[in-house]
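Please look at the sequence and the structure shown below before reading on. The briefing that follows takes up a few topics in turn, for a reader who is new to protein structure.

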Amino acid sequence: MVAVRMKDDILKKYHEGKLAHAFLLETNDMKRCYTDVLDLIKNINCPHTYSDDCKLECNLCSLIDSDSLPSLITINPDGQFIKRDQVSNLMNEFSTVPVFTKYNVYIINEAHRLNNESANALLKFLEEPEDNILGFYITNNKENVISTIRSRCQLYYNNYGDDSFIIDDDILIDVKLYLNSIYKNSEDLLYNKTHMSGFYKDRTEWEMFFNTMLYYLKECYNNKRNDKIKLVEEIDKDKIIKVILLIEDVLRYIRSNGNIDLILDRFVIEMREYYE
Ligand SMILES: [Zn+2]
């Protein structure tokens with residue numbers, strides 16, 4: 001969902017001639033993110049008007065699909081880490097300008113598995129960028145990516161959801177009340193917590209509650225709702241992304257048997273920080 005924005009945004013910058021040369025993509029689904037990056041590369045390089053079924057007729061797009069385009073190199077971890085040799089090979093391959101495409105593109109899957117040696121080798125690309133080289137670093141946690149890499153990339157969040165999730169209207173009413181009571185910093189909050197504990201008794205129900213919140217906010221973010229609460233209208237989009245990441249964190253805690261009371265309190269405390 002949000003990922004569509006990542007693609008749109010990078011394409012827009014491409015058409016404006018303002019494309020960065022390296023991107024760090026944090027995502028909850030690295031495989032889907034990788035597919036999205038391939039799509040993006042087809043879109044940029046395709047000599048025809050790119051479409052989903054381009055590969056049927058288009059040589060370039062089908063080369064990308066079969067991973068046999070020389071100007072596109074994907075690096076996956078070799079065991080625990082991405083090794084220096086893998087990076088050195090990449091540097092050799094990309095020492096000449098691409099012939100059939102505008103860019104030489106490299107994709108680093110699981111960028112948090114770059115160790116010091118391999119990361120240092122990559123720094124040349126990042127510190128002395130060449131116009132015809134693009135790099136995509138995919139990770140499930142940007143905090144685990146070596147900081148010299150992280151700080152030199154443009155960051156995107158790519159959170160994929162379960163497209164089949166359907167928001168339950170009754171739960172949504174509770175979600176909105178709850179979010180509003182946090183937002184207003186009101187007395188209702190304590191009331192709401194006690195009140196809701198009557199309805200949401202077990203872990204599965206709380207999971208449903210926070211999932212509803214997650215999908216509601218994602219749809220708001222993507223401008224797919226006309227019932228936005230004040231909170232969504234008033235805080236900026238970057239903060240909505242942070243709230244979405246926080247809710248995903250909360251869901252992980254709930255699923256890993258965390259104490260529900262503590263989770264709720266922590267959620268309120270962190271949410272209030274975003275409003276200030
Ligand atoms: Zn094509």
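This is a predicted model: local features need pLDDT of at least 70, side-chain atom pairs count only at pLDDT 80 or more; totals for chains, interfaces and linings use all residues.

- The open sheet is formed by 5 strands with parallel pairing, and their order is β2-β3-β4-β1-β5.
- Because β2 (72-75) and β5 (154-158) stand at the edges and each has a single partner strand, one side of each is left without a neighbour in the sheet.
- On average, and with direction ignored, neighbouring strands of this sheet are turned by 20 degrees against each other.
- Helix α4, made of residues 84-93, packs on the sheet and touches both β2 and β3, while its direction makes about 175 degrees with that of β2.

**The nonpolar cores**

- In soluble globular proteins, nonpolar side chains tend to be buried together.
- The largest nonpolar core holds 41 residues, and those that touch the most other members are Y178, W206, F209, F210, M213, I247 and F267.
- Two or more residues of this core are given by each of the elements α7 (169-183), α9 (203-221), α10 (230-234), α11 (237-255) and α12 (260-275).
- It is α9 that provides the largest share of this core, with 10 residues.
- If residues up to four places away in sequence are not counted, F209 touches I171, D174, V175, Y178, M196 and Y200.

**Two loop residues with positive phi**

- Most residues other than glycine have a negative phi.
- N223, which is not a glycine, has a positive phi near 55 degrees, and N223 lies in the loop that runs between α9 and α10.
- Why does N223 count as exposed? Its relative accessibility is 52%, and the cut-off for exposed is over 50%.
- N257 is likewise not a glycine, yet its phi is positive at about 70 degrees, and N257 lies in the loop between α11 and α12.
- Because its relative accessibility is 58%, N257 counts as exposed.

Key: Residues are numbered from 1 along each chain as its sequence is written. Side-chain values use heavy atoms; hydrogens and water are left out. Two strands pair if DSSP finds at least two bridges between them. Helices (H or I, at least four residues) and strands (E, at least two) are DSSP runs, numbered from the N terminus. Axes are lines fitted to C-alpha atoms, for helices over the stretch in contact, and angles run from 0 to 180 degrees between N-to-C directions. Contact means heavy atoms within 4.5 Å. A nonpolar core is a set of buried Ala, Val, Leu, Ile, Met, Phe, Trp, Tyr and Cys residues joined through side-chain atoms within 4.5 Å. Buried means under 20% relative accessible area, exposed over 50%, partly exposed in between (1.4 Å probe, protein chains only).
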